[in-house]
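Subject: A structure for you to look through

Hi,

Here's the structure I promised to pass on. Have a look at it first, and then read my notes below.

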Amino acid sequence: MESVKEQSIVTLVSNDPWKDKRKYGRTCRQRRRQKSGETRSYTVDSSSILVSLCQWLKQKGMRRHLGSCLKVAVFSSTGRGLMAVNGVRAGEVVVSIPRQALITCEDVMHDDHLGAVLRGSGKKLKAMEVLTIFLVYHKPLEETSPWRPYLESLPKSYTVPIYCSKSEHELLPTFLKAFADQQEEDINACYINIKEIISQTLGRDTLCIDDVKWAWFTVNTRAVYLKNESPDPVLLDEDKYALAPYLDLLNHTPNAQVTTGLNKKNNCYEIVTQVPYGPFEQVFINYGPHDNIRLYREYGFTVPNNPHNSVPVTLDDIKKVVKSVCSDSERISDMYNKCKLLKCHHLDEGLVVSNDGPSWTLVVATTILLMSAMELNRWQVVYHDYQGVQHRKLVLEVLNHVIECKLQELQECLEEMDSVLTCTEAFMAGRNLVRECCMLLREVALREGKAV
């Protein structure tokens with residue numbers, strides 16, 4: 001997992017804190033066009049589930065900002081979200097969730113039944129697993145669970161890569177297949193580790209892996225960052241996740257500016273907007289400067305015209321182009337040791353094409369892969385004058401071809417994906433992502449005078 005959202009941005013959790021987290025919103029999974037100043041095309045959402053959730057939160061002590069400052073609405077651009085009723089000033093608290101309405105590992109471990117069961121299992125658990133167990137345990141309890149209003153407000157499934165069908169998985173580009181495979185590994189590992197606790201200790205004869213997948217991604221897409229400085233000894237990692245009912249109705253935009261955290265004076269988890277909103281405008285949060293690939297991987301949605309967008313490139317992509325473009329045998333020799341050098345110095349990381357063009361590491365990696373044996377003895381020159389190398393023109397030529405080849409690869413992939421008429425929402429989100437990647441690469445290629 002990799003999310004929780006940048007603390008001073010928003011703090012959700014995907015395995016990297018709202019420092020590392022979530023979706024156009026996590027509220028509806030249809031994220032298409034969105035503007036942070038939306039003033040029309042909405043309907044107020046007064047479903048019985050949301051009414052029940054709000055009544056339950058009032059019982060938990062949530063008074064202010066519930067129904068007066070914001071209302072739940074369905075927007076044509078993002079789906080369900082929160083609308084400013086009378087406008088919101090910069091610096092104003094838009095959501096304030098009582099600490100007793102949050103669900104943390106500390107709360108689970110202090111539970112008379114669950115805490116005793118988890119400690120009695122003798123297992124060391126990750127924070128994600130503890131919260132997954134909480135959800136798997138409480139969901140089947142239905143009306144007997146004190147958390148029922150919150151549980152009923154959660155999505156039934158998610159739109160991250162792993163929710164694509166097997167046949168859809170085969171049509172994904174390589175980098176998205178890798179994400180789906182990694183997610184499956186994470187779910188299987190979690191399932192194996194908690195199966196005994198759920199099946200034996202909690203009196204359940206069977207544990208369905210689909211239930212674990214749902215619970216795991218509920219935490220991964222919806223948890224906020226809230227660090228406990230005194231974690232329980234049962235935990236293997238940091239206790240930094242909290243499930244926050246109602247807060248997950250807020251949608252993401254890269255243009256929002258917010259601060260978040262636990263207000264120790266009133267013991268509420270609060271989100272403060274640093275930008276104003278007019279009456280009937282949708283109020284947003286910001287998960288951090290995430291590109292669409294990360295947003296899809298972690299939260300299951302993409303943002304049109306995302307300023308942080310990028311398309312990944314691999315060393316193999318560069319090497320393939322180098323060998324096809326460069327005829328100088330001295331420059332294309334010893335690729336193994338060149339790649340070894342790049343990996344040793346972490347110069348094989350962050351190889352992407354963004355809105356601004358090839359990343360620094362992509363340029364540097366290409367520069368080193370094209371060095372002669374003599375130049376390679378002074379490879380550190382890339383740190384202070386990578387533009388002044390003798391073979392700079394060749395580097396730029398290779399980079400242009402890398403972009404063209406990646407665009408062609410993704411266009412062919414998109415053609416196959418577009419041939420699927422009936423598909424899951426997860427696949428639909430992935431297809432939108434591939435289309436956006438093609439648009440980015442095409443724009444960069446055109447800007448470099450290399451229209452494809």
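Predicted model: local features only at pLDDT ≥ 70, side-chain atom pairs only at ≥ 80, totals over all residues.

Where is Asn 309? You'll find Asn 309 in the loop that links helix H9 (292–299) to strand E15 (310–312). Is Asn 309 buried or exposed? Its relative accessible area is 10%, and buried means under 20%, so Asn 309 counts as buried. If we skip residues up to four places away in sequence, Asn 309 touches Asp 291, Asn 292, Val 353, Ser 354, Asn 355 and Leu 440.

Now zoom out. The protein has 452 residues, and 56% of them count as buried. Its accessible surface is about 20,100 Å², with 48% of that belonging to carbon and sulfur atoms. As for secondary structure, there are 16 helices and 17 strands.

Next, the inside. In soluble globular proteins, nonpolar side chains tend to be buried together. Here, the largest nonpolar core has 137 residues, and the ones touching the most other members are Leu 70, Leu 135, Tyr 246, Ile 318 and Ile 368. Take Ile 368: leaving out neighbours within four places in sequence, Ile 368 is in contact with Lys 338, Leu 341, Leu 342, Leu 347, Leu 376, Trp 379 and Val 382.

On to the strands. There's an open sheet of 3 strands in the order E7-E13-E12, with antiparallel pairing. Strand E7 (93–98) and strand E12 (258–263) are at the edges; each has a single partner strand, so one side of each has no neighbour in the sheet. From one strand to the next, the twist averages 15 degrees. E12 and strand E13 (residues 268–273) pair over 6 bridges, and Asn 263 stands opposite Cys 268 in E13.

Finally, have a look at strand E14 (residues 282–285), which is covered on both faces. Gln 282 and Phe 284 are buried on one side, and Val 283 and Ile 285 are buried on the other. Strand E6 (residues 79–84) is joined to E14 by 2 bridges and runs antiparallel to it, with Leu 82 opposite Val 283. Strand E11 (residues 251–252) is also joined to E14 by 2 bridges, but those two run parallel. There, Asn 251 has Phe 284 as its bridge partner.

Happy browsing!

Note on methods. Residues numbered from 1 in each chain as written. Heavy atoms only, no water. Helix = DSSP H or I, 4+ residues; strand = E, 2+ residues; numbered from the N terminus. Buried < 20%, exposed > 50% of the residue type's maximum accessible area, 1.4 Å probe, protein only. Areas by Shrake-Rupley, 256 points an atom, 1.4 Å probe, with all protein chains shown as cover. Contact = heavy atoms within 4.5 Å. Core = buried A, V, L, I, M, F, W, Y, C linked by side-chain atoms within 4.5 Å. Pairing = 2+ DSSP bridges. Axes fitted to C-alpha atoms, helices over the stretch in contact; angles between N-to-C directions.
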